[in-house]
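Subject: Structure handover

Hello,

Here is the structure we talked about. Please open it alongside these notes.

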Amino acid sequence: MAKRRTVAVAGGGIGGLATAVALARRGIDVTVIERAGRIGTRGAGLVLHPGGVRAADALGGTLGARLRETGHVPRPGEVRLVMDEAGKILAEEPADAAEETPDAPRILILRSALQRALLDESLTAGAAVLLATAVEDYTQHGDGVTVRLSDGKTLECSALVAADGADSAVRRRMLADGPAEHRGHASVSGCVRGSVLERRPYTVGSRGIRLCVTPVGGDTLCWNATIASPPGIWPAKGPARARTDLIAALTGWYPPVVDLVRDTDPRDIAVADLRGRAPAPRWADGRVVLLGDAARHEASVPGRGAGTAMEDALVLADAMAAHDDVPSALAAFQRERLERTGAAVPTARRRDVPGREPGRAGTGHGGTRAEPAAHGAAGASGRRSPAHRTELRLPAARETPDRVPGGAGPHIVLVSGSLRRGSTSDRVADWCALRCADQGATARVFPGAEIDFPAYRPGLASTHPAVEEFLSELRRADGVVLVSPTYHGTVSGLLKNALDYINDLEGPEPYLDGRPIGCVAVGAAPEGAASTLATLRTIGHAVRGWPTPVGVAVSRAPAPPSADGPVPPEEERLMRMISQVLWMGGARAAAGRPPLLGAVA
């Protein structure tokens with residue numbers, strides 16, 4: 001008789017509990033090991049996107065129905081209001097509903113409510129939960145894993161699943177890549193009932209502070225303030241002092257928004273620095289596997305991490321059921337998730353901003369699109385659904401790899417200027433991203449649909465999450481590649497409008513100071529390509545970057561690389577341009593910001 005499998009799950013968060021449900025319902029003995037003394041007692045609101053809702057339904061039991069009943073399911077046509085600090089409406093952001101169906105809507109819900117629902121389901125399925133205990137180390141041996149716990153005891157199991165978050169101790173043991181990095185912001189969040197604000201999402205901001213409001217069911221609104229801050233400052237204050245100081249910082253803001261903070265009990269306030277990390281290059285090591293935020297974390301996209309972690313749990317359980325050999329099962333899980341969702345960080349590093357739903361292109365008050373008139377291509381296309389913002393491990397074929405993890409090389413941001421989904425410009429940007437990753441770099445692709453921002457005006461960036469994500473990625477980029485269609489002999493209005501927001505790029509370096517900028521013009525006519533390349537180079541110099549010596553004009557998207565036969569001329573030029581961006585970007589990343597000539601030490 002085959003030995004019954006046992007799995008230890010490090011972490012009792014959303015990914016860990018979902019894993020416990022999925023595995024226990026397949027007859028596997030599961031023990032969840034959670035550092036906290038209680039589960040589901042605190043947490044801001046999150047947006048569980050349709051993929052996460054489908055995963056909840058697939059986990060079985062009453063989970064999906066409970067989430068729909070507990071949370072807030074947006075009404076058809078519901079929009080997020082983007083306001084300045086005085087309460088003036090700047091834009092209306094339609095929900096990213098591309099993947100929604102009547103059976104799988106978005107659900108806005110308290111993180112704690114989602115955790116409690118998963119905890120109940122895991123216990124019902126037969127999983128054990130060990131509280132006030134942490135996984136500190138592990139040792140693999142021939143037929144299992146010995147897990148060392150914080151209370152000095154050990155646990156023997158067939159497999160260890162690391163679902164212990166961005167600061168995963170198991171990941172550090174596996175990859176030796178250190179702790180998560182501070183992202184330049186702190187988060188103060190809380191929930192309140194009875195506000196005079198309508199139950200809908202809001203984003204309110206001024207320079208240095210952005211406050212996002214999310215309805216999470218009933219008369220409860222959750223708020224999250226993201227504050228530019230060095231590490232340690234706000235967490236050291238504690239909830240009560242942080243609430244007082246935040247109210248002071250919001251002096252002069254729209255009173256109902258300030259009242260959200262003022263009316264929140266300090267016991268319901270959480271304070272933390274925002275931290276993130278690069279996607280893990282591998283998720284499985286023998287009988288140990290990473291899952292959820294331990295594999296790919298950016299707190300910037302609340303609900304996306306929760307939903308993809310729940311999907312991870314289902315795929316892992318299926319792999320365990322399909323393979324008799326545990327290492328083979330974990331390797332199969334890695335292949336599917338790393339290629340499909342990659343180390344998905346929507347990496348929007350977005351400075352890691354929990355408590356807010358990613359924005360998309362805004363609309364003007366009254367429903368008129370607030371976008372530049374010269375957007376080039378007519379027609380509208382919403383931003384891609386979160387389920388499509390994926391990370392790839394090479395060279396797997398997929399539609400659009402938003403963020404591609406490579407090695408420890410430079411970080412490259414690629415921007416496409418065509419709004420049409422699946423356009424040649426988008427596919428060229430994707431191809432270039434994969435080639436960057438081939439050379440050990442990380443890459444973040446912004447397809448045209450993700451830079452469909454409102455028409456630029458100073459100050460709007462701080463209240464628009466999608467713009468802040470864009471600027472955050474540019475801020476940390478070591479190199480940039482701009483891909484534009486040759487509309488009427490010049491760059492697309494879509495791309496130009498997005499680049500105008502660089503004027504609001506804050507940080508130690510002005511604009512894109514010192515970054516290499518690769519320029520690609522997409523079009524059949526040589527005259528249009530030449531003038532578009534010239535304009536892209538001019539823009540590159542204007543934002544204080546260094547356009548690469550090689551600029552490229554292409555008429556089609558390149559084919560995947562082949563080991564046989566000569567490289568076509570367009571692909572050869574693209575590779576030469578990418579090589580220059582990587583070489584210059586790598587030198588910049590290694591050397592840091594160059595000193596000014598004549599500067600006094």
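**Helix contacts**

From helix H10, Val428, Trp431, Cys432, Arg435 and Cys436 meet Glu571, Leu574, Met575, Met577, Ile578 and Leu582 of helix H14. Contact here means heavy atoms within 4.5 Å. By class, that contact holds nine nonpolar, no polar and two charged residues. Nonpolar covers Ala, Val, Leu, Ile, Met, Phe, Trp, Tyr, Cys and Pro; charged covers Asp, Glu, Lys and Arg; the others, Gly among them, are polar.

Two notes on provenance. This is a predicted model, in which local features need pLDDT of at least 70, side-chain atom pairs count only at pLDDT 80 or more, and totals for chains, interfaces and linings use all residues. Residues are numbered from 1 along each chain as its sequence is written, and side-chain values use heavy atoms, with hydrogens and water left out.

H10 spans residues 424-438 and H14 spans residues 569-591. Helices (H or I, at least four residues) and strands (E, at least two) are DSSP runs, numbered from the N terminus. The axes of H10 and H14 come within 10 Å and cross at roughly 55°. Axes are lines fitted to C-alpha atoms, for helices over the stretch in contact; angles run from 0 to 180 degrees between N-to-C directions. H10 and H14 are therefore oblique to each other. The cut-offs: under 35 degrees is roughly parallel, over 145 roughly antiparallel, 65 to 115 roughly perpendicular, and the rest oblique. H10 passes H14 in a right-handed crossing. A crossing is right-handed if the near helix is turned clockwise from the far one by less than a right angle, and left-handed if anticlockwise.

Next, helix H3 (residues 63-70) and helix H4 (residues 111-125). They pack at an angle of about 155°, with their axes 10 Å apart. That makes H3 roughly antiparallel to H4. The crossing of H3 past H4 is right-handed. On the H3 side, Leu63, Arg66, Leu67 and Thr70 take part; the H4 side includes Ala113, Leu114 and Arg116. The contact of H3 with H4 divides into six nonpolar, one polar and four charged residues.

H3 also meets helix H2 (residues 50-59). The axes of H2 and H3 come within 7 Å and cross at roughly 135°. That makes H2 oblique to H3. Val53, Ala56, Asp57 and Leu59 of H2 touch Leu63, Gly64, Leu67 and Arg68 of H3. The contact of H2 with H3 has five nonpolar, one polar and two charged residues.

**Sheets**

Two strands pair if DSSP finds at least two bridges between them. Within it, S13 (residues 202-206) and S14 (residues 209-215) pair in the antiparallel sense over five bridges. Glycine 205 stands opposite arginine 210 in S14.

Another open sheet has three strands, ordered S8-S9-S10, with antiparallel pairing. Its edges are S8 (135-141) and S10 (154-157). S8 and S9 (residues 144-149) pair over six bridges. The bridge partner of histidine 141 is glycine 144 in S9.

**Aromatic pairs**

How many aromatic pairs does a search of the whole structure find? Five. One of them joins tryptophan 283 and phenylalanine 333; it is tilted, at 5.8 Å centre to centre and 50° between the planes. Tryptophan 283 lies in the loop between S16 and strand S17 (284-285) and phenylalanine 333 in helix H9 (residues 326-340), so the pair ties together parts that are 50 residues apart in sequence. Rings of Phe, Tyr and Trp (its six-membered ring) pair if their centres lie within 6.5 Å; planes under 30 degrees apart are stacked, over 60 edge-to-face, and the rest tilted.

Best wishes
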